[in-house]
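User: I would like to go through the side-chain interactions in this structure. Could we begin with the aromatic residues and then turn to the charged ones?

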Amino acid sequence: MAEIPSSNVPTVVVDGVDIVYRVNGTGAGRGSATAALNRMLRREKAEKAAGVRKVHAVKKVSFVAYKGEAIGLIGTNGSGKSTLLKAVAGLLPVENGRIYTDGQPSLLGVNAAMMSDLTGERNVYLGGLAMGMSREQIKGRYQEIVDFSGINEKGDFITLPMRTYSSGMAARLRFSIAAAKDHDVLLIDEALATGDRSFQKRSEERIRELREHAGTVFLVSHNNKSIRDTCDRVLWLERGELRMDGPTEDVLQEYEAFTGGADKAPKAA
Amino acid sequence: MSQVLHTPPQTPPPTDDLSALAARYGLTVSGARPSLREYVSQLWARRHFIGAFATAKLTAQYSQAKLGQVWQVMTPLLNAAVYYFIFGVLLGTKHGVPDYIPFLVTGVFIWTFTQSSIMAGTRAISGNLGLVRALHFPRAALPISFCLQQLQQLLFSMGALVVILLCFGVPVGPSWVLALPALVLQFTFNAGVSMIMARWGAKTPDIAQLMPFVLRTWMYVSGVMWSIDKLTAKDHLPHVVSVALAANPAAVYIDLMRFSLIDSFHAGQLPPHVWAVATGWALIAGVGGFIYFWKAEETYGRG
């Protein structure tokens, strides 16, 4: 584990946050025209009757993240990890509570701005601009991005449209573009799962660098090893609730016992 | 085991403490709407992204086609040919309109610009939720970028239009310069309407299903294939109707472009105060649409 001393300067304060999704058209057998009309006419009151379902994805979560910390978010599928990250990034509104941040946290998610019909080269520019870099900044880092992604190791792929890339190659390029910028608070969602072992090593290295430069890194992952390698603190979410918050090793031990023991005899906790 | 028991009491401290802590270190609420001034400067800072996104969309559009970018010119030409066949040959609206083909093609191209800008604006947020939910940028960048893409598309069409004009013996004149301010005004108008539609479309995506019908109706009353001037001259229309026909922003922009490019389309055919009307529409839609869009900035991408 990389030891970067965490200071006492908070970068993200999450204060009693609830996040609720509303999904249209789920009323069994009634996701029909009448239900839709009902929904439009009566709004709030008839939400349930009209087939709007509320999904309470994150419940009353509070924590404070400090400068220099790398925080892992773990939990079984559907436990609200990605939702919480999006809310911290300010991309999802919260139902109750507040999220305070230092500067603008960025979600490592340039893939949404990239177009598979364009060449890797143009996507580097498009992705960089979408993250708010200037043309000059991208030009300065272009070679670094391409080298880091290793796209050109097997021939001149960067000038081919991205639809010709393998999924691993595309994921590597995406991570390289996203990691090219120095972020105050960086939120990473399962980005390290893809790519071969050598690329994963480089990515972890890069995350450590980003922590030194910037501030706080959040990492969502199901890979306990990459959490151990990069994070010094872990938040464990289960069914939207913050179940545990503490040093990596302590939380992971509990988590492994929880997930490993789930299909065996349930232990009394 | 002890950690499990120890940590939960620590994690939810009293609410006042956390907000006070945030205030002490000058942290701001995540995802709050910036002030209008700040919003404009953020948008200005993203101008390169707006341009690059528009160009990228335009290029990606035909990248799978064998003929590639040739379709940029082919599509508007084919459109014009279809309209000529229906309105010029079958229905005979061309009677009495000099230079009917340049008249028609200009109308079709300029109308298409407004139409596709508004259509793209309607889907600007609802069709790009992935982008909105992943990255931070002033959301107005999306509708504006889509309008810019349509403007680039129009410039290709205008290239084709110039060739058509020259083929039909329309001389190059000094009034061609007027095409530039007319386009700027039209672009501002389109961007404004797109932003209004983008906000509606973000809240109710169903609007995108409705828009083609609204737009088609709008096209038929905008004098794309027939001359408004000829119709209103006949005197049997109520005054209100002829004023409404003449003040219709789409018709105003179409006629301005015809006036600047086609020599047989003279100033007498333009509605009164045409530049004032064109500027007025651009300002109302542009400024109003921008503010209207900004008002809901923090809600885009929800649900």
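User: Which residues form one aromatic cluster with B:Phe49?
Analyst: In this predicted model, B:Phe49 forms one aromatic cluster with B:Phe53, B:Phe137 and B:Phe146.

User: How many aromatic pairs does the structure hold over all chains?
Analyst: There are 16 aromatic pairs over all chains. One of them is A:Trp236 with A:Tyr255, an edge-to-face pair with 5.2 Å centre to centre and 80° between the planes. This pair links distant parts of the chain, 19 residues apart: A:Trp236 belongs to strand β8 and A:Tyr255 to helix α8 of chain A.

User: Is A:Trp236 buried or exposed?
Analyst: A:Trp236 is buried, at 2% relative accessibility. A:Tyr255 is buried as well, at 6%.

User: Back to chain B: what is the geometry of the pair B:Phe49 and B:Phe137?
Analyst: That pair is tilted, with 5.6 Å centre to centre and 55° between the planes. B:Phe49 lies in helix α4 and B:Phe137 in the loop between α7 and α8 of chain B, 88 residues apart. Both B:Phe49 and B:Phe137 are buried.

User: Which charged end sits over the ring of B:Phe137?
Analyst: The charged end of B:Arg139 does, 4.8 Å from the ring centre. Elsewhere in chain B, B:Arg199 lies over the face of B:Tyr292, at 4.1 Å from the ring centre.

User: Now salt bridges. How many are found over all chains?
Analyst: The search finds eleven salt bridges over all chains. Among them, A:Glu69 pairs with A:Arg233, the closest N and O atoms being 3.1 Å apart. A:Glu69 is in the loop between β2 and β3 and A:Arg233 in strand β8 of chain A, so the bridge ties together parts that are 164 residues apart in sequence.

User: Are those two buried or exposed?
Analyst: Both A:Glu69 and A:Arg233 are buried. They are also linked with A:Asp245 in a network of salt bridges.

User: What about A:Lys225 and A:Asp229, how far apart are the closest N and O atoms?
Analyst: The closest N and O atoms of that salt bridge are 3.0 Å apart. A:Lys225 and A:Asp229 are separated by about one helical turn, because they are four residues apart in helix α7 of chain A. A:Lys225 is partly exposed at 49% relative accessibility, and A:Asp229 is partly exposed at 21%.

User: One last topic: where is B:Met211 found?
Analyst: B:Met211 is in helix α10 of chain B and is buried, with a relative accessible area of 9%. Leaving aside residues up to four places away in sequence, B:Met211 touches B:Ile118, B:Met119, B:Thr122 and B:Met197.

Note on methods: Residues are numbered from 1 along each chain as its sequence is written. Chains are lettered from A and ligands numbered from 1 in the order in which they are written. This is a predicted model: local features need pLDDT of at least 70, side-chain atom pairs count only at pLDDT 80 or more; totals for chains, interfaces and linings use all residues. Side-chain values use heavy atoms; hydrogens and water are left out. Helices (H or I, at least four residues) and strands (E, at least two) are DSSP runs, numbered from the N terminus. Buried means under 20% relative accessible area, exposed over 50%, partly exposed in between (1.4 Å probe, protein chains only). Contact means heavy atoms within 4.5 Å. Rings of Phe, Tyr and Trp (its six-membered ring) pair if their centres lie within 6.5 Å; planes under 30 degrees apart count as stacked, over 60 as edge-to-face and the rest as tilted. A charge sits over a ring if NZ of Lys or CZ of Arg is within 6 Å of the ring centre and within 35 degrees of the ring normal. A salt bridge is a side-chain nitrogen of Lys or Arg within 4 Å of a carboxyl oxygen of Asp or Glu.
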